[in-house]
Amino acid sequence: MIKLYADGEKRVQVVVEARRWEQAGIVSSEQDAAIRERYRPQLARVNLFIRILLALFTAVGVGAMVGLPAAIFKVDEVGLTLLCLIFAPLCAWTADRRLIHDRHLYRCGAEEMLLFLAIGLLALAVAILAERGGYSVARLGWLAGHVIALVGAALLAVRYGYALAALVAVVALGELPFHLAEALRWHQPGWSRAALFLLLAAAGIWAHRQLGQRNNLQRSYLWCLETVRLAALVGIYLDVNLFAHRLLWGSWLGWTSQAGAQSWSDPLCAVLTALLPVAALVLGIVRRDRLLLWYAIFSGSASILTLKYFFHLGYLAEELTAAGLVLAGLAFGLLRWLRTGTDRRRGAFTAEPLLEPRLYGLDAEALAAIQPLAPTPKVPATEGFQPGGGASGGGGASGNF
Amino acid sequence: MQEALNDLEEAGILNREQATLLRRIYGRELLSVYWELRLLLYAGILILTTGLGLLVTKYFASLGHLALLAVIALGCAGCFAYCLRRGGGFVAEMVPTPNAAYDYALLLGCLLIGIFQGYLELRFQVLAHDWSWWLLGSGLFYLLCAHYFDNRLVLSLALSTLGAWLGVKTSFLSEGVWGASLRGNGLIFGALLVAAGAAQVRLGWKRHFLPVHLHLGVNILFAALVAGVDSRTKGLFYLAGLILAAAGSILYAQRARLFAFLLYAVLYGYLGTTIFVLQHAHWQVEGILFYFLSTAAVLVAALVAFHRRFRSAE
């Protein structure tokens with residue numbers, strides 16, 4: 001990761017986390033202000049919604065900027081390739097030098113979008129140029145564009161720690177076997193699916209192993225690795241779940257389900273559809289891993305509903321009613337069990353909110369409830385703290401750019 | 001984080017108790033499954049009510065109608081009895097929820113009412129062609145429940161049911177997804193939601209319902225205004241209304257520091273303006289591209305200025 005981000009991210013993390021502590025009622029607003037003053041980030045950040053708008057209008061602007069000369073000069077494929085090749089490094093340079101290094105922008109939308117556009121334009125340049133060479137060359141050209149997108153996204157994730165780039169990289173990796181098979185005219189969807197499974201499994205295991213040393217990882221890398229692992233798990237689940245398999249590969253992609261030819265894989269898929277949520281749940285509990293627990297809940301619910309495509313257990317109405325009763329009963333039982341434990345917890349687990357985010361429309365009232373585990377916020381003594389000093393204090397850069 | 005926590009404790013910003021708790025949380029010695037269990041409960045109730053709905057349609061021919069209705073009514077009554085027993089009655093202010101199951105029992109009760117009404121209409125065709133009045137009735141009942149039991153989840157259900165009633169009612173009269181009458185209903189409904197939220201805040205009555213009112217109301221209002229911009233006769237009025245609403249939304253975003261309303265204002269405003277401009281100015285491709293280039297540059301500059309002025313990240 002670039003030095004600017006590696007050095008500045010810790011401060012951002014402390015400030016962001018301090019806001020959560022304050023919202024959760026663990027620290028007072030005065031303490032939050034003191035933490036923000038001590039750890040004032042040197043990186044310029046914007047609000048999430050402004051970030052989205054900046055990214056969107058940067059994309060609109062760059063798209064129009066590339067399209068305008070193309071429309072005025074009525075360029076052909078070569079001209080368009082040249083334009084893409086001119087604008088791709090220009091976008092990357094503007095983002096990296098002018099916005100990130102000069103203005104210290106950090107997750108502001110504009111610089112992120114410029115970097116993504118740089119990769120996209122480069123991939124597009126190769127693919128458009130290949131269109132001139134006939135059908136076979138065009139296929140290889142788009143494959144080369146795909147590889148450029150994959151490598152570029154991975155580079156963005158490594159250099160800038162963008163979780164979205166990590167997601168793009170995993171998606172591109174997942175699509176690679178299919179694209180490769182299409183480019184080589186090797187129509188064997190079953191083998192492509194097997195390759196997809198192996199690739200995603202390798203990516204997921206690698207990310208999971210890296211996450212074992214999470215205390216030594218940068219905040220951005222942590223997010224990237226979590227994204228890679230989650231995306232790989234979701235991809236594997238969609239690959240092995242027969243209902244998703246038929247929906248995705250059969251209906252959306254227009255591939256006929258070669259049931260007879262692939263029947264050997266169905267029992268394996270059934271076992272994995274049932275096992276993946278259970279394995280994620282066990283691993284999530286053992287390693288106290290929130291994302292694995294979320295994955296277990298979603299994939300478990302999906303497995304309950306879709307296992308009928310492997311084994312006919314009964315009719316949909318009865319299945320849904322029974323599954324709903326089991327899930328609601330399980331959740332209710334767990335809530336009661338956790339609440340009756342010592343300090344309202346069992347082992348490391350509690351059903352009380354600690355640093356949980358406010359989510360509109362779900363159960364926001366409960367967040368305002370008294371939290372028995374949170375100590376009473378206390379305003380620090382004035383003589384005990386001198387803002388701006390100390391080994392990691394100081395700063396002085398503002399949140400502006 | 002452990003390093004920062006040590007530093008903050010040494011500097012006297014965090015007391016020992018706070019630092020210890022945070023160390024336990026970041027060290028994963030303490031993990032809250034607060035949302036996970038609620039998500040499981042919510043998913044269970046949704047799946048259960050879907051299954052019950054399917055069961056009703058499947059067995060209504062073989063079982064006695066009254067028996068089925070009685071079972072649903074009993075379940076519904078049980079949920080409401082639980083909430084009435086556990087809840088503290090109507091209070092104008094925000095009330096802490098007695099326990100985690102309370103909110104979801106209320107939600108289940110409300111959804112069972114929907115199934116009950118659906119079954120009644122399906123079997124007995126009580127209101128026949130005027131069945132959409134069930135939506136109005138249940139919407140108003142949900143609204144009452146949301147206020148009495150102080151529940152924002154049910155408030156969202158109430159408002160969306162009322163919105164559906166308006167939508168369903170007009171879809172019989174007009175064609176097209178956003179026909180003139182539906183646009184009108186959308187405008188009235190959106191404005192009413194915003195006004196109701198503002199009135200509640202002014203009266204000091206369930207002030208915490210404001211975000212639900214505003215997010216839904218503003219989106220419906222903007223969608224209706226954008227849909228009307230391409231109208232041949234009244235397009236300009238809709239555009240003027242859209243710009244006024246966007247200005248109000250931006251002002252609110254700035255004052256309340258809720259920048260989601262800035263996002264709504266800019267996105268809907270830009271979309272509506274672009275539709276209007278492209279419809280009325282018959283430009284070549286170059287002109288259109290120049291429009292996008294110049295507007296994007298202006299908006300990026302304006303957003304940066306807005307951020308600098310109001311320090312949006314803090």
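Predicted model: local features only at pLDDT ≥ 70, side-chain atom pairs only at ≥ 80, totals over all residues.

Trainee: What is the angle at which α9(B) and α11(B) pack, and how are the two helices oriented to each other?

Mentor: In general, two packed helices are described by the angle between their axes and the distance between the axes. Here, helix α9 (residues 210-229) of chain B packs against α11(B) at an angle of about 10°, and the axes lie 9 Å apart. The two helices α9(B) and α11(B) are therefore roughly parallel to each other. On the α9(B) side the contact is made by V218(B), N219(B), F222(B), L225(B), V226(B) and V229(B), while α11(B) contributes F261(B), Y264(B), Y268(B), L271(B), G272(B), I275(B) and F276(B). Sorted by class, the residues of this contact are 11 nonpolar and 2 polar, with no charged residue.

Trainee: At what angle do the axes of α1(B) and α2(B) cross, and which residues meet there?

Mentor: The axes of helix α1 (residues 2-10) of chain B and helix α2 (residues 16-26) of chain B cross at roughly 180° and come within 10 Å. That angle makes α1(B) roughly antiparallel to α2(B). From α1(B), the residues Q2(B), L5(B), L8(B) and E9(B) meet R16(B), A19(B), L22(B), R23(B) and Y26(B) of α2(B). The class count for the contact of α1(B) with α2(B) is 5 nonpolar, 1 polar and 3 charged residues.

Trainee: Now the sheet: what is the strand order, and which strands are at the edges?

Mentor: The order is β1(A)-β2(A)-β1(B), in an open sheet of 3 strands with mixed pairing. The edge strands are β1 (345-346) of chain A and β1 of chain B, each of which pairs on one side only. Within chain A, β1(A) and β2(A) pair in the antiparallel sense over 2 bridges, and R346(A) has F349(A) in β2(A) as its bridge partner. Between the chains, β2(A) pairs with strand β1 (residues 31-32) of chain B in the parallel sense, again over 2 bridges, and here F349(A) stands opposite L31(B).

Trainee: How many residues of each chain take part in the contact between chain A and chain B, and which element of chain A gives the most?

Mentor: The size of an interface is often given as the accessible area lost when the parts come together, but here we have residue counts to work with. In this model 77 residues of chain A are in contact with 74 residues of chain B. The elements of chain A that give two or more residues to this side include α1 (3-23), α2 (29-38), α13 (290-306) and α14 (316-339), and α3(A) gives the most, with 15 residues. By class, the side of chain A that touches chain B has 52 nonpolar, 15 polar and 10 charged residues.

Trainee: What does the domain assignment give for each chain, and how far apart are the centres?

Mentor: For chain A the assignment gives domain 1 (1-43), domain 2 (271-310) and domain 3 (314-349). The centres of domain 2 and domain 3 of chain A, taken over C-alpha atoms, are separated by 15 Å, and 5 residues of domain 2 are in contact with 4 residues of domain 3. For chain B the assignment gives domain 1 (1-31) and domain 2 (36-172), whose centres are separated by 44 Å.

Terms used:
Residues numbered from 1 in each chain as written. Chains lettered and ligands numbered in written order. Contact = placed C-beta atoms within 7 Å. Helix = DSSP H or I, 4+ residues; strand = E, 2+ residues; numbered from the N terminus. Nonpolar A, V, L, I, M, F, W, Y, C, P; charged D, E, K, R; others polar. Pairing = 2+ DSSP bridges. Axes fitted to C-alpha atoms, helices over the stretch in contact; angles between N-to-C directions. Parallel < 35°, antiparallel > 145°, perpendicular 65-115°, else oblique. Domains from an automatic or database assignment.
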